[in-house]
Amino acid sequence: MRATYIQEPQEWAAGFSFSTTVKVRFSETDMYGHVNNTKVFAYLEYARMEYYKALGFDLSSEAINQNMLVVADIQCDYLKQVFYDETLTIYVKTASIGNTSMDLHYLVKNEKEEVCYTARGTLVQLNYETGKGVPFLEEQKKLLLGK
C-alpha cells in the first residue's frame, strides 16, 4: 500500500535534504518489543524542531512570539517494525506552504536504509490571543522552502 501523498516514491525520497537521527530507547517499546506507535510522533516532532533550527527558522523570534505553529493534522504509515537500540534517520522537508499553513513530509529509515515509516502533517500558524490563522512572512516562506 502506498501513501496517497507520495506520487513517485523514488522522486519523493530524493527531495529530502535534511535529516537527523534518534536512537530507540527501551521505554519507547511496547510489550511486543517494537516501538510503540505513539512514540513515532515524538520522533517526528523532534525531527521537525531540528529541521526548523537547521533552516534558521527561529521559533523564538519576535514575529513568531505572538504566534504559534500547531499541528492541524498528522498521519503516519508504518511500513517496518523498529526495535530497541536501533538508530533511525528521520528526513524532513517542506512539501508545500500556503498563506497560513504548511505541509511537511517525513521519511524514516533504519540503519539498513530500509524505509520504516513515511508521514506527513499540516501545521498552521495561529495568533496566541485570537486563535486565528496568521500569514507567514515572505522571509519565513523562503526559509521553509530552502531558498
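**Strand pairing and loop geometry in the predicted model**

Strand β5 (residues 115–127) and β4 run antiparallel and are joined by 9 bridges; strands are DSSP runs of E with at least two residues, helices are runs of H or I with at least four residues, and both are numbered from the N terminus. Two strands are taken to pair if DSSP finds at least two bridges between them. The structure is a predicted model, in which local features need pLDDT of at least 70 and side-chain atom pairs count only at pLDDT 80 or more, whereas totals for chains, interfaces and linings use all residues. Residues are numbered from 1 along each chain as its sequence is written, and side-chain values use heavy atoms, with hydrogens and water left out.

On the β3 side, strand β3 (residues 87–97) pairs with β4 in the antiparallel sense over 8 bridges, and I90 has V108 of β4 as its bridge partner. Of the 9 residues of β4 (residues 101–109), 8 are buried, so this strand is largely enclosed by the rest of the structure. Buried denotes under 20% relative accessible area, exposed over 50%, and partly exposed the range in between, with a 1.4 Å probe and protein chains only.

The connections on either side of β4 are hairpins. The one from β3 to β4 passes through 3 residues, and G98 is found in this loop. G98 is partly exposed, at 27% relative accessibility. Residues up to four places away in sequence not being counted, G98 touches F136 and K141, contact being defined by heavy atoms within 4.5 Å. By comparison, the C-alpha atoms of G98 and K80, which are 18 residues apart along the chain, are separated by 32 Å. K141 itself lies in helix α4 (residues 138–144) and is buried, with a relative accessible area of 19%. Apart from neighbours within four places in sequence, K141 is in contact with I97, G98, N99 and F136.

The hairpin of β4 and β5 has 5 residues between the strands, and E113 takes a positive phi there. This angle is near 70 degrees, in a residue other than glycine; E113 is partly exposed at 48% relative accessibility. A positive phi, near 75 degrees, is also found at D85, likewise a residue other than glycine. D85 is placed in the loop between β2 (67–78) and β3, where its relative accessibility of 39% counts as partly exposed.

The protein as a whole contains 4 helices and 5 strands, in the order α-β-α-α-β-β-β-β-α from the N terminus. Its radius of gyration is 16 Å, close to the 15 Å that the globule rule gives for 147 residues, so the protein is as compact as a globular protein of that length. The radius is taken over C-alpha atoms, and the rule is 2.2 Å times the number of residues to the power 0.38. Along the principal axes, the C-alpha atoms fill a box of roughly 45 × 35 × 25 Å. Of the 147 residues, 41% count as buried. Among contacts between residues at least 6 apart in sequence, 67% join residues at least 24 apart.
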